[in-house]
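Open the file in your viewer and keep a selection panel at hand. The stops below say what to select next and what is there.

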Amino acid sequence: MAAVAGAVPVPVAGAEAAGPGEEAAGAGPARLARLPLARVKALVKADPDVSLASQEAVFVLARATELFVETIAKDAYVYAQQGKRKTLQRKDLDNAIEAIDEFAFLEGTLD
Amino acid sequence: MAERPEDLNLPNAVITRIIKEALPDGVNISKEARSAISRAASVFVLYATSCANNFAMKGKRKTLNASDVLSAMEEMEFQRFVGPLKESLEVYRREQKGKKEARKDKDKKADSEEQDKSREEENDDDDERMEEEEQNDEEEVDN
């Protein structure tokens, strides 16, 4: 019963940086996904040109989406601050989308 | 059941939590804004998928992989996501490997075959395995 050569030892629970369900303080980059992969996968499958997506691809998409949500919330908040408000409103989001190039793909999609 | 892709929403509670953690304490978000961000997130997934798929097709592959998604991020001008995403992916791969090792220990018969494979294609192996599992799911859906 020799150990498989070259294999990574099974991580001890808690020893690794992040385990399932663990929530590190602040959105550290190396955290696991919070968005359920099944829902992300459903969106991926909605594309008729896509045949298959690896689990890793779905995972990276989920994480990317989380980073996107953080980014757009922060960018929209700048406009709320300009309006001296502590509540983020829809118009703040519209302003961010209009002003920021990376969000151009969203134009016309949120109505 | 949602029919249109744009109607496939991500869970509100999770989206809300991500937004709240990104903003300073004491900042609120209106229902309309939260709902719009949620929708934007769905559109993001759809757009990123389409972009990633182009890279897969260029590579003559039918399966989207992680690096296709990373390439899509660069294409979409979200390069600053790439670093953090790679780190997350490393953690995810280690976790998946741990799970796989646990499965291997149970299935001793397959061990000798696995040894040769895992030496050459440590990373690809996981992907392939996932593909096989995916295929079982995909068989019913004709895309």
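This is a predicted model. Start with Ser38(B), which is buried, its relative accessible area being 2%. The residue belongs to helix H2 of chain B. Show whatever touches it, but skip the neighbours within four places in sequence: Asn9(B), Leu10(B), Asn12(B) and Ile15(B) are then in contact with Ser38(B).

**Next stop: Ile19(B)**

From Ser38(B), go back 19 residues in sequence to Ile19(B); the C-alpha to C-alpha distance between the two is 9.9 Å. Ile19(B) sits in helix H1 of chain B. Is Ile19(B) buried or exposed? Its relative accessibility is 0%, and because the cut-off for buried is under 20%, Ile19(B) counts as buried. With neighbours within four places in sequence left aside, select its contacts: Ile29(B), Arg34(B) and Ile37(B) in chain B, and Val69(A) and Ala73(A) in chain A.

**The interface**

79 residues of chain B are in contact with 69 residues of chain A. Between them the chains bury about 6900 Å², and carbon and sulfur atoms carry 68% of that area.

Across the interface of chain B and chain A, the rule finds 3 salt bridges. The residue pairs in polar contact across it, both at pLDDT 80 or more, number 13.

Now select the side of chain B that touches chain A. The elements that give two or more residues to this side are helices H1 (12-22), H2 (31-58), H3 (66-75), H4 (79-106), H5 (111-120) and H6 (122-138), together with strands E1 (28-29) and E2 (63-64), of chain B. Colour the residues of this side by class: 39 are nonpolar, 17 polar and 23 charged.

**Strands across the chains**

Switch to a cartoon view and select strand E1 of chain A, residues 52-53, along with E2(B). The two strands run parallel and are joined by 2 bridges. For Ala53(A), the bridge partner in E2(B) is Leu64(B).

**Chain A by itself**

Chain A has 3 helices and 2 strands, and from the N terminus on its elements follow the order α-β-α-β-α. Of the 111 residues in chain A, 41% are buried. Among contacts in chain A with a separation of 6 or more, 36% are between residues 24 or more positions apart.

**Positive phi angles**

Where in chain A is Lys84(A)? Look in the loop between helix H2 (55-82) and strand E2 (87-88) of chain A. Phi of Lys84(A) is near 55°, a positive value in a residue other than glycine. Lys84(A) counts as exposed because its relative accessibility is 77%, against a cut-off of over 50%.

Bring chain B back and end at Glu77(B), in the loop between H3 and H4 of chain B. Glu77(B) is not a glycine, yet its phi is positive, at about 65°. With a relative accessible area of 45%, Glu77(B) is partly exposed.

Methods:
Residues are numbered from 1 along each chain as its sequence is written. Chains are lettered from A and ligands numbered from 1 in the order in which they are written. This is a predicted model: local features need pLDDT of at least 70, side-chain atom pairs count only at pLDDT 80 or more; totals for chains, interfaces and linings use all residues. Side-chain values use heavy atoms; hydrogens and water are left out. Contact means heavy atoms within 4.5 Å. Buried area is the accessible area (1.4 Å probe) that two parts lose on being put together, summed over both. A salt bridge is a side-chain nitrogen of Lys or Arg within 4 Å of a carboxyl oxygen of Asp or Glu. A polar contact is a pair of N or O atoms within 3.5 Å; within protein, one must be able to donate a hydrogen and the other to accept it, and residues adjacent in sequence count only if both atoms are side-chain atoms. Helices (H or I, at least four residues) and strands (E, at least two) are DSSP runs, numbered from the N terminus. Ala, Val, Leu, Ile, Met, Phe, Trp, Tyr, Cys and Pro count as nonpolar, Asp, Glu, Lys and Arg as charged, and the others, Gly among them, as polar. Two strands pair if DSSP finds at least two bridges between them. Buried means under 20% relative accessible area, exposed over 50%, partly exposed in between (1.4 Å probe, protein chains only).
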